[in-house]
Amino acid sequence: MFGILNLLKPPHVTSRDVVNQVQRLVKPAKAGHAGTLDPLAFGVLVVGVGPATRLVEYVQRMPKRYRGTFLLGRSSDTDDVEGSVAELSDASIPTREQIEAALPALTGRIMQRPPAFSALKVKGKRAYDLARRGESFELEARPVIVYRLALRDYDYPRLELDVECGGGTYIRAIGRDLAASLGTAAVMSDLCRTAIGGFRLEDAVSPDALTRENLGRHLLPAARAVEGLPTVQLTAEECERIRRGMAIQAGGRTSAEESTESTADEFAALTPSGELAAILVPRATDQLRPSRMFLPAATSPPSH
């Protein structure tokens, strides 16, 4: 059990619920997800199985794509329809041209204030717990990156956006801030995550369709989780060195362009058959050593 599942999270269940479904099928192996989706949302949820749970942070670095639907002229404490929704009296009705003109200001590296109902911590406590208790607090704006923001459809009050963004971006907050810039308010009524990196909605599998018998057929290679890292193709001899925790010569063999959010000091080491062997980091001039090992441990002492 070592790989990645591209799952289709249904609406009105938590991301943890989906992971628990997988966990029951793979135990005693572990399962863990990359990138929480709100219960309201549906779409791509990437789950690591077995040692691949140690790779979910690499999936979280990948750009994410969403299709978000909003209702203008309304506000709520949660910034979506799950909260207490209030309709504005005499709300302004922006034109399509006004909406499109406002989108560039929310594109690129921007400062975004997370919703009060979020999993972020305030003095050690979850913000949504404090918000539910009616406690007064304000989350500080933080930098996020929005690669693309486009108007998909508009028929007042319904507004639909396509969003491509980095990790930590709240789509609810994009709709809220867009509406505020237009002199009105908005609540998110629907959200679909259509992709995380190369994990696409059209390839996602329903968790309800998984069984102990067919799970292996849906398990993707763990190397898919680190597609953004430069790669090193190992020889059989180098695999043995890596297995024993020894360094190898880099030799200028790295072969993949960095993604926008990968780091230049990590490399994905692949076996001759293309399976993920380890994550390597520079040790000295022209040497790489394993920082995360995915090959079985060596059982005999190294030869001299």
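Tutor: Ground rules before you start. Residues are numbered from 1 along each chain as its sequence is written, and side-chain values use heavy atoms, with hydrogens and water left out. The model is predicted, so local features need pLDDT of at least 70 and side-chain atom pairs count only at pLDDT 80 or more, while totals for chains, interfaces and linings use all residues.

Student: Which residue does a cis peptide bond join to lysine 27?

Tutor: Most peptide bonds are trans. Here omega is about 15 degrees.

Student: Is histidine 12 buried or exposed?

Tutor: Histidine 12 lies in the loop between strand S1 (3–9) and H1, and has a positive phi of about 70 degrees although it is not a glycine. For the label, buried means under 20% relative accessible area, exposed over 50%, and partly exposed in between (1.4 Å probe, protein chains only). Because its relative accessibility is 59%, histidine 12 counts as exposed.

Student: What is the relative accessible area of aspartate 90?

Tutor: Aspartate 90 is another non-glycine with a positive phi, about 55 degrees. Its loop runs between strand S6 (85–87) and helix H3 (96–102). Aspartate 90 is exposed, with a relative accessible area of 79%.

Student: How many bridges join S4 to strand S12?

Tutor: Two strands pair if DSSP finds at least two bridges between them. Strand S4 (residues 64–72) pairs with S11 in the antiparallel sense over eight bridges, with leucine 71 facing arginine 158 as bridge partner. S4 and S12 (residues 186–196) also run antiparallel, and glycine 68 has leucine 191 as its bridge partner there. The number of bridges joining S4 to S12 is nine.

Student: Which side chain makes a polar contact with the side chain of arginine 224?

Tutor: Arginine 224 is in the loop between helix H6 (215–218) and strand S14 (231–233). Leaving out residues up to four places away in sequence, arginine 224 touches Met62, Gly198 and Phe199, where contact means heavy atoms within 4.5 Å. A polar contact is a pair of N or O atoms within 3.5 Å; within protein, one must be able to donate a hydrogen and the other to accept it, and residues adjacent in sequence count only if both atoms are side-chain atoms. The arginine 224 side chain reaches the backbone oxygen of glycine 198 at 3.2 Å, and the side-chain partner, at 2.9 Å, is glutamate 227.

Student: Which glycine follows H5?

Tutor: Helix H5 (residues 171–181) is mostly covered, with eight of its 11 residues buried, including Ile171, Arg172 and Leu178. The buried residues pack against several elements, among them S4, H3 and S10. After the helix comes a residue with positive phi, near 80 degrees: glycine 183.

Key: Helices (H or I, at least four residues) and strands (E, at least two) are DSSP runs, numbered from the N terminus.
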